[in-house]
Structures are given as structure tokens and as C-alpha cells.
Amino acid sequence: MQINSRGANPLFDAVLPYFRDAVFWAPLYLFILVFIIANYGRKGWLWSLAFVCTVALADMTSARLIKEFVQRPRPCWDPEFYTNVRLLLKQCNHSFSFTSNHAANHIGIATFISVTLRPTFGKWIYLIYVWALFVCYAQIYVGVHYPLDILGGAGVGTLAGLLTAYIFNQKAGSFTLDK
């Protein structure tokens, strides 16, 4: 947990806990959905549906299948480890740790967006991964996930994003500026 302890600094202590909060990141995704619907009409609605399916698939796979099967305690609840954790949240969630739903969801979204919108936005589309990686890093930094939880969640998210992007691209075709 070097990230959680030795990598600590006052700026990250103040900022990174917000990356766990939907109030902080939901406006970005809402803006993206509204932008796509407003600019792409019917295809934008289909894209938005696929976006939501990506999150649902990543989240359910992580939370309902993997976490329930593995049942790994979070670092802040692990009886053999919690004294080594700097918890930057008011409380530690009692849910299991492996895999990280935040990582699965945000990496899934980033993958779906990058695959489906790259023809329109080019290499700039990969900035969405920078955002997702900040969210992932924050999970370790605030003390609620181990690094492998993030890697596992990122793997689930990548697969969910690739699957829904593939289905969208097969059914709706390439996503370009024309409607």
C-alpha cells in the first residue's frame, strides 16, 4: 500500500476522495450523453443505451459475480492489514474489495467511448482514459482497494467496453459526424 501511505501528499488528500463520489464525476458522463444525443439524433440514443449497458455489464459482473465469489475484504476492513491503511473517507464500506466496481465502470466507459468515438475525435478521445485512471488511482489512495482490485476491475471494464462497443459498431455502424 505504498500509494496509500508513502505516496501521500496534502493536495491528493484533499482532491482524490472526490473521485469516489458520483456527484463529482456524474456531470461529465451526463454532459457526454446529452452531447451525443443532441448531435447524433437516433444514433445518439442508441449510443447512450449502449453506454448504459456498458456500465450495467461491468458493474454487475464485478459486484454480483466476482466480488460475491472471491469475497476479499477491503484493505480498510482486513483484520490483518487495516492498521496499515490511511483511510481518507468517513467510513469504510463493508462490501468486498475484489474487483473494484469504480475501476470496472470507469475503464468500461473509457473503452466504450474510445472505441466508438475515435473516428470522430481522433487521438484526443484517449483523454477519457486519463480521467478513468485518476478514478482508479483514487480508490487505492483513499484506502478502499488494493492495486490488484483495480487491475481486476480494469480487466472487467475493458472486456465490457469492448463487447458493447463491438455490438454497437456492428448494429449502428461507424460513428462519424454525420447522423
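A polar contact is a pair of N or O atoms within 3.5 Å; within protein, one atom must be able to donate a hydrogen and the other to accept it, and residues adjacent in sequence count only if both atoms are side-chain atoms. In this structure, the side chain of Lys-67 has a polar atom 3.2 Å from the backbone oxygen of Phe-96. The model is predicted, so local features need pLDDT of at least 70 and side-chain atom pairs count only at pLDDT 80 or more, while totals for chains, interfaces and linings use all residues. Residues are numbered from 1 along each chain as its sequence is written, and side-chain values use heavy atoms, with hydrogens and water left out.

**Lys-67**

- Lys-67 is found in helix H2, residues 22-70; helices (H or I, at least four residues) are DSSP runs, numbered from the N terminus.
- The side chain of Lys-67 also reaches the backbone oxygen of Thr-99, at 3.5 Å.
- Lys-67 is buried but has no salt bridge, and the nearest side chain of opposite charge, that of Asp-59, is 7.4 Å away.
- Buried means under 20% relative accessible area, exposed means over 50%, and partly exposed lies in between (1.4 Å probe, protein chains only).
- For charge, Lys and Arg count as positive and Asp and Glu as negative, while His and the chain ends are not counted.

**The salt bridge**

- A salt bridge is a side-chain nitrogen of Lys or Arg within 4 Å of a carboxyl oxygen of Asp or Glu.
- A search of the whole structure finds one salt bridge.
- Asp-149 and Arg-72 form a salt bridge, with their closest N and O atoms 3.1 Å apart.
- This pair links distant parts of the chain, 77 residues apart: Asp-149 is in helix H5, and Arg-72 is in the loop between H2 and helix H3 (101-121).
- Asp-149 is buried, at 0% relative accessibility, whereas Arg-72 is partly exposed, at 24%.

**Cysteines**

- Zero disulfides are found in a search of the whole structure, a disulfide being a pair of cysteine sulfur atoms within 2.5 Å.
- Cys-136 is in no disulfide, and the nearest cysteine sulfur, that of Cys-76, is 17 Å away.
- Cys-136 is buried, at 4% relative accessibility, whereas Cys-53 is partly exposed, at 39%.

**The nonpolar patch**

- Leu-57, Leu-163, Tyr-166 and Ile-167 make a nonpolar surface patch of about 370 Å².
- Patches are made of residues with over 30% relative accessible area and no salt bridge; like charges are joined within 9 Å, and nonpolar side chains (Val, Leu, Ile, Met, Phe, Trp, Tyr) within 5 Å.
- Accessible areas come from the Shrake-Rupley method with a 1.4 Å probe, and for residues only the protein chains shown count as cover.
- Helix H5, residues 147-172, gives the most to this patch, with three residues.
- Leu-163 lies in helix H5 and is partly exposed, at 43% relative accessibility.

Note on methods. Helices (H or I, at least four residues) and strands (E, at least two) are DSSP runs, numbered from the N terminus.
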